[in-house]
Amino acid sequence: MNSLADVWEVVLERLRSDLSEVSIRSFFDEVSVVTMEDSAFVLHCNNPFKKSTIEARFMNYIKEALREIFSSNLEVKILDDEQLAAYHGVAPDHPGALIDSDTFTFETYVVGSSNKLAYAAARAVAEHPGENYNPLFIYGDSGLGKTHLLYAIAHQVKKNRSDSRIVYIKGDDFTNELVASIREGKNFEFREKYRQASLLLVDDIQFIAGKQQTQEEFFHTFNTLYESGKQIVLTSDRPPREMTQLEDRLRTRFEWGLMVDVVPPDFETRLAILKNKAALLGVTLPDDVSANIAENVTANVRQLEGTLNKILAVRDLLGTQVDENSVDRVVRDMLKADNEYVPKPHDIIDYICKYYNVDEDTLRGQNRGRDIVNARQIAMYLIRRMTNLSLNDIGKEFGHRDHTTVLHSLDKVETQMRSDPAFAEVVKEITTNINAKH
């Protein structure tokens, strides 16, 4: 063997005695050797999904192969793009290494009735950025594929226009970068980075709400990009009108283009997602096993993937056959761990009444006493946060109040929680106790 690359080829050859060719191709095609030093064999993988999968499932196989080659124990480290850049003493080309991978593309996105409109809108934006649906605002609960669509848009735009300046950032990281730029006197560089982008992707934009200077900066960034015909795509866990701490001028701009939501996938889509993910992992799941998982794991895509990964880990580590019994155990464990319990509005109202010693008719009615209003607003807030009810449906629970009254209640509770730690603890305690009733 003349080089470390040759060593890696021998390692891969030895892995083939334990792993399928599909697994080798699926997970190790983007892995390369960086160095071997201080009894450590250092690899690089620019795909976070493959990197984490190798670390979780295949690390022992690599170590065993190296032990056979060198007759000694070596530690194995896998660097991502930023770690590799730090190793070489340079900054990474761009923060979104996933943009260049084939993991999160339109081709790997499973489309169903729950996300069909969001998918179609994302494809339209990727093919003709800045022409239609600007901004594109995608909202829905965590784990439903919003970030996947952002990366798919970026991947397609870069494929069609290789010179595009694509910027991906999370809402809270935008704030962190702004603070750092002010502290270091790099305001110009910060603004240039975002205002010179041809495609701006902001994940979890809700985190800028309530932060005055961040909203001010993003307002001007938005205007600059929009007026120059550059595409903006935003994701959030709620629509703009429910971001009670968001400035009105930003709220109206977020609503200028197209707003689309993604909701938990139906059974058929969950089944398709499972089969697609299993195929990527080089695994064929029996139909009854797939149906069992899809029937019981309903919250989001991330939970489905976690269940599948745990089933495969149990199989690999314990040698347990993938059958209905083993799947039942894993599914029960996952549901217990994720606390999928969703209380009914009545459960929340009933507990609030007992906590504040008020009868249900009074809480639901028109009494304007200070303590009653406080309890009613907390009840509205918790129903919104803990159930799937719309603002209008929540209003119906309280004497047919309209959605603006509910929004006002959410705003009051969120504002007081920020300014009054004792009040925030009360809300947290009530939430915990309602969940504990399950």
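Helices (H or I, at least four residues) and strands (E, at least two) are DSSP runs, numbered from the N terminus. Residues are numbered from 1 along each chain as its sequence is written, and side-chain values use heavy atoms, with hydrogens and water left out. The model is predicted: local features need pLDDT of at least 70, side-chain atom pairs count only at pLDDT 80 or more, and totals for chains, interfaces and linings use all residues.

The loop between α5 and β4 holds Y133. With a relative accessibility of 39%, Y133 counts as partly exposed, a class between buried (under 20% relative accessible area) and exposed (over 50%), with a 1.4 Å probe and protein chains only. P135 is also placed in the loop between α5 (116-127) and β4 (136-139). The peptide bond that joins N134 and P135 is cis, with omega about 0°.

Helix α7 (residues 171-184) and helix α8 (residues 187-195) have axes that come within 8 Å and cross at roughly 150°. Axes are lines fitted to C-alpha atoms, for helices over the stretch in contact, and angles run from 0 to 180 degrees between N-to-C directions. From α7, F174, E177, L178, S181 and I182 meet N187, F190, K193 and Y194 of α8; contact means heavy atoms within 4.5 Å. By class, this contact of α7 with α8 has five nonpolar, two polar and two charged residues. Ala, Val, Leu, Ile, Met, Phe, Trp, Tyr, Cys and Pro count as nonpolar, Asp, Glu, Lys and Arg as charged, and the others, Gly among them, as polar.
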